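Please look over the sequence and the structure below before reading on.

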Amino acid sequence: MTSRIHYTKPSITELEVEYATDAARNGWGERCYEYIDRFEQQFCKHLGVNYAIATSSCTGALHMGMAALGIGSDDEVILADTNWIASAAPITYLGAKPVFVDVLPDTWCIDPIKTEAAITPKTKAILAVHLYGNLCDMNALLALGKKHGIPVIEDAAEAIGSVWHGKRAGSIGAFGAFSFHGTKTMTTGEGGMFVTQDKVLYEKVLTLSNHGRAKGQVKQFWPDVIGFKYKISNIQAAIGCAQTERIDDLVAAKRRVFEYYANGLGGSSVTMNPELPGTQNGYWMPTIVVNEGVRFEREALLAEFKKHDVDGRVFFWPLSMLPMFDGKPENIVSYSLYHKAINLPSYHDLSEAEMDRVIAIVRNGMGISV
């Protein structure tokens, strides 16, 4: 009997257990922020940024960052149609409108040309989501931002380990947001991080993150503005400290998994996550897109996975397909991708034998020649 192959799970060692145990036993009173402060400092060092605020989720980090940028009612934020709703939801929380544009066929990330065409006087930001570890064209997006006087935000939830021409994903735009959900390359169970190089923006978000109480406020329990409650716990941050100490190994493990799949599935029938010149892909979620002209039924392949006790994952739907948004079938690439793509199992310690099982299903189960 073969063991189940999950699509993802975290890498937890005795180091995480040790730190979390210490936080649970001793991380109270004067030590209640000790691991949080340490986690933020370590993550800043890893990214090469000046400021970080640990949060309960990437969604919360995006929400507070956008609020601090002044995004509000009737404003517009442009993002790619192919995304998870967590990227778009914070825009709606602020009363603003997400404007969905098409993606590039090679990276599956936001198309800069379509982005510029969508800019209006109401546009207050461009949200660059680094999908599955793939990188947005940050040079083109930053040039658009400068040209039109609008900030570029990075949703790097899926891009730990990805590097754009020497700069780590999330460290390049006005601010970056990360996820440490249990499915991500590094995890705190649930959790996120807001990062920026902008001191003024950092201080605004710091105030918002503490129920609107400014850091220098001397009155106890006196909020200066209406804020939020998106804090991470000391115990979660303790796990994050251990994960950050291991981050190079975690990224290397993800890259090992991807490269094995790529060697086993490389050919003319499927395309996988790209690594363009001058970049490094963290390969959070190895993905296959079946090329044009190749016979393929996504649901049939997923059923074959299930039959063999293997987890598969669907490619993200275009957000404009969802009932709460207006359909945009003119986003031709986004609407052509989701039904011919799946994510493959990708946890850090997948064995070669397990990956061979996955490769065999893709090769033989659906009759795809590679």
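## Basis of the report

This is a predicted model, in which local features need pLDDT of at least 70 and side-chain atom pairs count only at pLDDT 80 or more, while totals for chains, interfaces and linings use all residues. Residues are numbered from 1 along each chain as its sequence is written, and side-chain values use heavy atoms, with hydrogens and water left out.

## Aromatic rings

Rings of Phe, Tyr and Trp (its six-membered ring) pair if their centres lie within 6.5 Å; planes under 30 degrees apart are stacked, over 60 edge-to-face and the rest tilted. The count by this rule is 17 aromatic pairs. F100 and F325 are an edge-to-face pair because their planes meet at 80°, with ring centres 5.0 Å apart. Helices (H or I, at least four residues) and strands (E, at least two) are DSSP runs numbered from the N terminus. F100 belongs to strand β3 (residues 97-101) and F325 to the loop between β13 (313-314) and α11 (332-337), so that the pair links parts of the chain 225 residues apart. F100 and F325 are both buried; buried means under 20% relative accessible area, exposed over 50% and partly exposed in between (1.4 Å probe, protein chains only).

Y132 and F316 are stacked, at 5.3 Å centre to centre and 15° between the planes. Y132 is in the loop between β4 (123-129) and α6 (138-148) and F316 in the loop between β13 and α11, so this pair ties together parts 184 residues apart in sequence. Y132 and F316 are buried.

## Charges over rings

A charge sits over a ring if NZ of Lys or CZ of Arg is within 6 Å of the ring centre and within 35 degrees of the ring normal. The charged end of R38 sits over the ring of Y19, 4.7 Å from its centre. For R298 over the ring of W317, the distance is 4.8 Å.

## Pockets

On a 1 Å grid over the protein atoms alone, a pocket is an open set of points where a 1.4 Å probe fits, with protein on both sides within 12 Å along at least five of seven lines; lining residues have an atom within 4 Å of a point. Points are joined across faces, edges and corners, and a volume is the space filled by probe spheres set on them. The largest pocket holds about 570 Å³. Of its 23 lining residues, Y33, I36, D37, E40 and K231 are the closest to the centre.

The second largest pocket holds about 350 Å³. Among its 22 lining residues, W84, A86, E158, S179 and K184 are closest to the centre. The largest share of this lining, three residues, comes from α3.

Two strands pair if DSSP finds at least two bridges between them. Three strands form an open antiparallel sheet in the order β7-β6-β11. Its edge strands, β7 (167-168) and β11 (279-280), each pair on one side only. V163 has Q280 in β11 as its bridge partner.

## Positive phi angles

D74, a residue other than glycine, has a positive phi near 70°. D74 is in the loop between α3 and β2 (76-80) and is exposed, at 54% relative accessible area.

D309 has a positive phi near 60°. D309 lies in the loop between α10 (298-307) and β13 and is partly exposed, at 24% relative accessibility.
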